[in-house]
Amino acid sequence: MRKLVIPVLMLCFSINAQTPSAKDIIEKVDKNMSADSRVFTSKMVIHNPRNTRTVESKSWSMGEKKSYTEYLSPPREQGTKMLKLEDQLWIFSPSTDRIIQISGHMLRQSVMGSDLSYEDMMEDPHLLNHYTGKINGEEKIADRNCWIITLTANTPDVAYQTQKVWVDKDRFIPLKKELYAKSGVLLKRMELSDVLQIQGRWFPKKILFKDVLKEGDGTEFQIMEIEFNTKIPEYIFSKASLKK
Amino acid sequence: MIRFLLKGILRDKQRSLLPVVIVIIGVMLTVFLYCWLRGILNDSIELNARFNAGHVKIMTASYAKNVDQLPNDLAITGVDTLLIKLKREFPEMKWGERIHFGGLIDVPDSRGETRAQGPAAGFGIDLLSGDRSEIERFNLEKSLRRGRLPVHSGEILMSEEFSVKLKVNPGDTVTLIGSTMNGSMALYNYTVSGTIVFGTGPMDQGSVIVDLDDVRNALDMNNAAGEIVGYLADNYYDEEKVAHVVTKFNSLFPASNDEYAPVIVTLRQQNSLGKMIDQIKAVGAFAVFIFVLSMSLVLWNAGLLGGLRRYSEFGIRLAIGEDYSHIYKTMIYESVLIGLIGSLIGTSAGLLGSLYLEHHGLDLSNMMKNATILMPAIFHTRITSTAYFIGFIPGLLSTVIGTMLSGIGIYKRKTAQLFKELET
């Protein structure tokens, strides 16, 4: 009898070890995707119904609250800067030499006509701080085994009430996301790819955003260079830096 | 006999004054009401055509479906080529490119921070090319309240009401916050060159007018336009001529599945204008019919009263041997003369009043302040050929018919009882 009990217990523990809780998975995803600070250059390839445009930018972010982006190209957008502090956003337009503040629902508007909103572009939220997860199944995405996790917001200030996330079982990286409004309407789809190991963490360098309420073939968001947990001078996150 | 009757009418005021005055008033009111209703219809059509609908409008198929949202991402591209073709194929039309846009007008303080902000409805029209067609269509020179029209790139006209609300004066800088054709946020500085009063409620509340190329720069719409409006050469909306233009356009640009293919719509097909035109016409015709009918009854009654008032006179005339039919005939001739005099004076008075309002208009802007549809605030009458007979014919006929009916009574008078009647 004792000979039987030990293997059964071992089997149970091994099953538990293979299927971590949703919270554990999200924590590991956060460790990969979020950081105390990030500096990255990116390229947005926006596939509108009538044309395709490419917008390049450099972004600095610190935690969840502070973010700063400067647009590098095309010439029309070059020099445009955006500063987001908490839930307020300031945009500097070099052609007008004006700083315009936007807030509220305007933050959910499209950035540069892309499928990303200002919040998508400039926020780096720790999922665990805002959502409660539940594993809903498993599925293969791009030949990789994934858990399907449904995240439900537990704070009111999130852009998407519900998220359905396909998390790579080995690398703890989301490979696909569906973002839903409070009403249950699907708002956006994301496909994450080109996953590389950077500074000891897995990170997708390419994300295809598709705003399902918008025409076009979506927006490819490509990370060109990225640095995590680097020191960013505090003055970057001030309105004064917008006009520099 | 006519001279004799005319002398009678002119000399015996008791006999003629009241019927003539009634005919004059009735005919004058009929003519004026008709001209007033035609004027409202004409002003509404003209206003919508000038500011918005054109006599025809060309848009992309998708833009046409969502025209209320001003979807400049669905605007016509390659406008220069299209315009060359339109000018070649339709020499009888005048064409103008336009961009309607929405956005915010942001007014900075001395530090560049937002001091005031308000939602604006913008018109991008040709102001600086030297072609004055659009300036005239928008009646900008006469509408100017302060400052001047734009003469340089980067200048903007604001409605007077909007400028007062934002405390902006000519010479101040304002920033347009809008959306480019690609959906990016557009920020563009303009200098206010002047303020205007359109004279129509919705447009006076928050409109701005900018040169077309300036809007193109601001909204990243190079060689694009939301709409191309077309006007018949004589600037008068003629449904037959417009139908011909539409048929020819559709043969040149056959319907396709391309959502960006150009499509043409007529003034009638836009903003429920066709329904409005038909309704105004129907209501106008009904109102004029009721008015003419009631005036005819009044004039008829006046004819009857005239006949009854002269009961004794006819008795004496019969008693001294005048023939029944002769009296009846002279009564009718008299009524024809009264009808003619009244109708002529009434029609002339109605036309003169209408002519005055056709040129000067009646300013009802105070009553139109909260109007949300594009209606003129200054109403003009419109004199058409119908106005010359719309009051004249009923004025004449009803007087004569009234007299004819009342005159039948003469034949019922018995000569044997005449003296008895006259004694009482």
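This briefing goes through strand pairing, helix packing, domains, the chain contact and some backbone details. The model is predicted. Chain A and chain B touch, with 15 residues from chain A and 13 residues from chain B taking part. Chain B is assigned two stretches of domain 1, 2-47 and 275-423, and a domain 2 that covers 56-236.

**Contact between the chains**

- Sorted by class, the side of chain A that touches chain B holds four nonpolar, six polar and five charged residues.

**Domains of chain B**

- Domain 1 of chain B is made of residues 2-47 together with residues 275-423, while domain 2 is made of residues 56-236.
- The centres of domain 1 and domain 2 of chain B, taken over C-alpha atoms, are separated by 50 Å.

**Two helices of chain B**

- Helix α13 (residues 324-360) and helix α15 (residues 392-411) of chain B have axes that come within 8 Å and cross at roughly 160°.
- Because angles over 145 degrees count as roughly antiparallel, α13(B) is roughly antiparallel to α15(B).
- The contact of α13(B) with α15(B) has 14 nonpolar and 10 polar residues, and no charged residues.
- The crossing of these two helices, α13(B) and α15(B), is right-handed.

**Strand β3 of chain B and its partners**

- Strand β3 (residues 93-108) of chain B pairs with strand β11 (residues 227-232) of chain B in the antiparallel sense, over six bridges.
- β3(B) and β4(B) form a hairpin with five residues between the strands, where B:G112 takes a positive phi near 85°.
- Strand β7 (residues 173-179) of chain B also pairs with β3(B) in the antiparallel sense, over three bridges.
- The bridge partner of B:I105 in β7(B) is B:L176.
- As a general point, side chains in a regular strand alternate between the two faces of the sheet.

- Strand β9 (residues 162-168) and strand β10 (residues 174-180) of chain A pair in the antiparallel sense over six bridges.
- A:V165 stands opposite A:K177, which belongs to β10(A).
- The hairpin of β9(A) and β10(A) has five residues between the strands, and A:F172 in the turn has a positive phi of about 55°.
- β10(A) pairs also with strand β11 (residues 186-198) of chain A, in the antiparallel sense and over five bridges.
- A:E178 has A:R189 as its bridge partner in β11(A).
- Five residues lie between the strands in the hairpin of β10(A) and β11(A), and A:G184 there takes a positive phi near 95°.

**Backbone details in loops**

- The peptide bond from A:S73 to A:P74 is cis, and its omega is near 5°.
- A:P74 is found in the loop of chain A between β3 (66-73) and β4 (81-85).
- B:N139 is not a glycine, yet its phi is positive, at about 55°.
- B:N139 has its place in the loop of chain B between α5 (133-137) and α6 (140-143).

Definitions and conventions. Residues numbered from 1 in each chain as written. Chains lettered and ligands numbered in written order. Predicted model: local features only at pLDDT ≥ 70, side-chain atom pairs only at ≥ 80, totals over all residues. Axes fitted to C-alpha atoms, helices over the stretch in contact; angles between N-to-C directions. Helix = DSSP H or I, 4+ residues; strand = E, 2+ residues; numbered from the N terminus. Parallel < 35°, antiparallel > 145°, perpendicular 65-115°, else oblique. Left-handed = near helix turned anticlockwise from the far one by under 90°. Nonpolar A, V, L, I, M, F, W, Y, C, P; charged D, E, K, R; others polar. Contact = placed C-beta atoms within 7 Å. Pairing = 2+ DSSP bridges. Domains from an automatic or database assignment.
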